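Please read this short report alongside the model.

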Amino acid sequence: MLHDRLLVAADGESGERRSGGGIVIPATAAVGKRLSWAEVKAIGQHVRQVQVGDRVLFDPEDRSEVELQGTQYALLRERDIHAVAAPRVDDGQTGLYL
């Protein structure tokens with residue numbers, strides 16, 4: 001990866017999802033702008049806030065897709081990331097940086 005680029009694998013979400021109350025929302029339901037979570041697989045040398053293995057929140061409209069060895073990935077710039085969920089945080093915090 002070059003510069004501030006990230007290679008991420010989108011979380012395998014099915015079209016359907018459940019609300020907090022357990023109601024199934026079909027994939028065809030109209031939703032406003034919805035962000036997606038993905039796991040970072042590779043980073044460029046100028047990425048400062050994200051490490052491989054972190055989960056990142058991003059807008060799926062702002063990505064480029066690539067297929068490597070039969071697996072779909074997305075290419076993002078670090079500035080397009082909205083939040084980072086990092087398991088490396090061990091001081092009792094949530095590990096979510098907004």
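Gln69 sits in the loop between strand 6 (64-68) and strand 7 (71-77). The model is a predicted one. Gln69 is not a glycine, yet its phi is positive, near 50°. The residue is exposed, because its relative accessible area of 84% is over the 50% cut-off.

His3 is another non-glycine residue with a positive phi, about 55°. His3 belongs to the segment before strand 1 (5-10). With a relative accessible area of 46%, His3 is partly exposed.

## The nonpolar core

The largest nonpolar core contains 13 residues. Leu6, Val8, Val50, Val56 and Ile81 have the most contacts inside it. Strand 1, strand 4 (36-43), strand 5 (55-58), strand 7 and strand 8 (81-85) each give two or more residues to this core. In soluble globular proteins, nonpolar side chains tend to be buried together.

What does Val8 touch, leaving aside residues up to four places away in sequence? Its contacts are Ala38, Glu39, Val40, Lys41, Val56, Tyr73, Ala74 and Leu76.

## Strand 8 and its surroundings

Is strand 8 largely enclosed or largely open? Of its 5 residues, 4 are buried, so the rest of the structure largely encloses strand 8. Strand 5 and strand 8 run antiparallel and are joined by 4 bridges. Within strand 8, Ala85 stands opposite Arg55.

The loop between strand 7 and strand 8 holds Arg79. Arg79 is exposed, at a relative accessible area of 63%. Arg79 and Asp4 are 75 residues apart in sequence. Their C-alpha atoms are 8.2 Å apart in space.

## Salt bridges

How many salt bridges does a search of the whole structure find? It finds 2. Side chains of opposite charge can pair when their charged atoms come close.

Asp4 is buried, because its relative accessible area of 19% is under the 20% cut-off. Arg5 is partly exposed, at 28% relative accessibility. Another salt bridge joins the side chains of Lys41 and Glu39, at 3.7 Å from N to O. Lys41 is partly exposed at 39% relative accessibility. Glu39 is also partly exposed, with a relative accessible area of 32%. Both Lys41 and Glu39 are among the residues that Val8 touches.

Technical notes. Residues numbered from 1 in each chain as written. Predicted model: local features only at pLDDT ≥ 70, side-chain atom pairs only at ≥ 80, totals over all residues. Heavy atoms only, no water. Buried < 20%, exposed > 50% of the residue type's maximum accessible area, 1.4 Å probe, protein only. Core = buried A, V, L, I, M, F, W, Y, C linked by side-chain atoms within 4.5 Å. Contact = heavy atoms within 4.5 Å. Pairing = 2+ DSSP bridges. Salt bridge = Lys/Arg side-chain N within 4 Å of Asp/Glu carboxyl O.
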